[in-house]
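Colleague: I would like to learn how to read a model like this one, feature by feature. Could we take the sheets, the charged pairs and the metal site in turn?

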Amino acid sequence: MTQRYAVILAAGQGTRMKSKLYKVLHPVMGRPMIQHVIDQLQPTELDSLITIVGFGAEQVAEQIGDQSACVIQNEQLGTAHAVQQAEQLLKEKSGTTLVVCGDTPLITSDTYRALITTHEANGAKATVLTTEMPDPTGYGRVVRNASGDVERIVEHKDATDDEKLIKEINTGTYCFDNEALWEALQDVQNDNAQGEYYLPDVIEILKHRSEKVTAYLTPNADETLGVNDRAALAEAEKIMKNRINRNHMKNGVGIIDPDHTYISPDVMIEADAVIHPGTIIRGQSVIHAHAEIGPHTEIIDCVVDEATVIAHSVAKHSRIGKRVQIGPYAHIRPEADIANDAKVGNFVEIKKATIGEKSKVSHLSYIGDAHVGSRVNVGCGTITVNYDGKNKYLTTIEDDAFIGCNSNLIAPVTVGKGAYVAAGSTINKHVPDEALAIARQKQANKEGYAAKIKNRQKD
Ligand code: UD1
Ligand code: CA
């Protein structure tokens, strides 16, 4: 089989982004652009992958890790110059070399594969991935001759008015015969509007040498967006978001308003879950069947089990069982573990706490660093007082306990099985099983005292 290599061009600073962050590290749906490119190249079965990074781009190299070899391009003299940095690693080899840009995060592995297959089947020396764009502004245009063959590519800034009318653009993605590539690169000059060594010039150079040059025109123009500025980044986000949402809907997930639902690429959602508008689901979250998430909910790295309902809430790094009800306006912070049939109501914050089956924390409570058993009722306004300014302490509330409203549980403390805590109590001692703890001042009524106050106020 033909050996296959790929070179990702990622050394450009991305001046048009006006950002300190390297362009290829800007995220699309929460994942750096360069990572999308690597992910989509992965199924193309490459024998070697090389990424060209800029001088001082440690963060880019860090993101790439051991997924690709990295070569530094000290000065950004153009895309042809960038490819040349890989010459030492590739020039002795024969096979197909795919060159892709690090700023085209939407191209899919299917398209890469189709390009490679077309290139190899044609026995071409170069095949450029092109598409037709309704608005081709900014892209290199594909110039074809009278018989429809690709002649050359002209950059927008170098194009004549007539050439600017061409709708077929260079996506910045190519397949080359490896040996022909290194030879042709030697002839690339920088006498153009930008004073750069343009990789697309290789097409014309090979053509002049009477080598076979073809194009693979993809109908999926929205995959080929090149992200040069923030507006294009937002456009990429929109396209990726819709692609992800369409996939989930195809798999049976209900998405009420796909335009306002943001699901990151790694999220798994089972059929018959329903996602309401304004919802963001990120990280490695898993949403099981019949769960209902949203509206206006953010879930990050959570497992949400079957038939659980979470509305107007935020949940992070937690596990939420079956048929749980959360919200509106709940905050589930990291390491919460909420068991089946529990309820976490409005204005409740749960942090690093287990909430047992059928337990209820229905209103205005803070439960942090706690073990709450099953069938516990935590009354409105209950606070686990977990922090003394230096250390955090554990509160344990055992099965079937009942915590009256507006109680403070000063940790470390345990409320035993089936015990009651009277409303308004501040508990700092162990409450035995089945006991009632009252820890509040006794009420004193002063008969007729109201008149005294009113008289005083007349003066
Ligand atoms: C490039 C193409 C253009 C095509 C478009 C598709 C050239 C000259 N032009 O234009 O025909 O329509 O992509 O999106 O190739 N890079 C380096 N080192 C450099 C210069 C660039 O690594 O010295 C990298 C950039 O990081 C980027 C990629 O190459 O990932 C493309 O460079 P960019 O400046 O974005 O080229 P475009 O103007 O978009
Ligand atoms: Ca670009």
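Colleague: Let me begin with the strands: which residue in β18 is the bridge partner of I275?

Modeller: Please keep in mind throughout that this is a predicted model. As a general idea, the strands of a sheet pair through backbone hydrogen bonds, and they do so either parallel or antiparallel. In the case you ask about, I275 has I293 as its bridge partner in β18, and the strands concerned, β15 (residues 274–275) and β18 (residues 292–293), pair in the parallel sense over two bridges.

Colleague: What is the order of the strands in the open sheet of 11 strands?

Modeller: The order is β12-β15-β18-β21-β24-β27-β29-β31-β34-β37-β39, and the pairing is parallel. The edges are taken by β12 (254–255) and β39 (436–437), and because each of these has a single partner strand, one side of each is left without a neighbour in the sheet.

Colleague: And how many bridges join β4 to β5?

Modeller: Strand β4 (residues 48–54) and strand β5 (residues 69–73) run parallel and are joined by five bridges, with T51 finding its bridge partner in C70 of β5. Together with helix α2 (residues 58–64), these strands make a β-α-β unit that is right-handed.

Colleague: Do β8 and β9 pair in the parallel or the antiparallel sense?

Modeller: Strand β8 (residues 141–144) pairs with β9 in the antiparallel sense, over four bridges, and R144 stands opposite V150 of β9. The two strands form a hairpin with five residues between them, and G148, in the turn, has a positive phi of about 90°.

Colleague: Turning to the charged side chains, how many salt bridges does a search of the whole structure find?

Modeller: The general idea is that side chains of opposite charge can pair when their charged atoms come close. Here the search finds 16 salt bridges. One of them is formed by E163 and R152, whose closest N and O atoms are 2.7 Å apart; E163 lies in helix α6 (residues 161–164) and R152 in strand β9 (residues 150–154), 11 residues apart. With a relative accessible area of 12%, E163 is buried, while R152, at 25%, is partly exposed.

Colleague: Which side chain meets D369 in a salt bridge?

Modeller: That is K351, with an N to O distance of 3.0 Å. D369 lies in strand β30 (residues 366–372) and K351 in strand β28 (residues 349–355), so the pair ties together parts that are 18 residues apart in sequence. D369 is buried, with a relative accessible area of 9%, and K351 is buried with a relative accessible area of 9% as well. Salt bridges can also share partners, as they do in the network that joins R31, D39 and D266.

Colleague: Now the metal: which residues coordinate the calcium ion (ligand 2)?

Modeller: The ion is coordinated by D103 through OD and by N228 through OD1, at 2.2 to 2.4 Å. These two link distant parts of the chain, 125 residues apart, with D103 in the loop between β6 (96–101) and α5 (109–122) and N228 in the loop between β11 (213–217) and α9 (230–250). D103 counts as buried because its relative accessibility is 12%, whereas N228, at 23%, counts as partly exposed.

Colleague: Which side chain does D103 meet in a salt bridge?

Modeller: D103 meets K23, at 2.8 Å from N to O. This pair too links distant parts of the chain, since K23 is in the loop between β1 (4–10) and β2 (27–28), 80 residues from D103. Both K23 and D103 are buried.

Notes: Residues numbered from 1 in each chain as written. Chains lettered and ligands numbered in written order. Predicted model: local features only at pLDDT ≥ 70, side-chain atom pairs only at ≥ 80, totals over all residues. Heavy atoms only, no water. Donors = N, O, S within 2.8 Å, 3.2 Å for Na, K, Ca; no water. Buried < 20%, exposed > 50% of the residue type's maximum accessible area, 1.4 Å probe, protein only. Pairing = 2+ DSSP bridges. Right-handed = clockwise from strand over helix to strand, strands pointing away. Salt bridge = Lys/Arg side-chain N within 4 Å of Asp/Glu carboxyl O.
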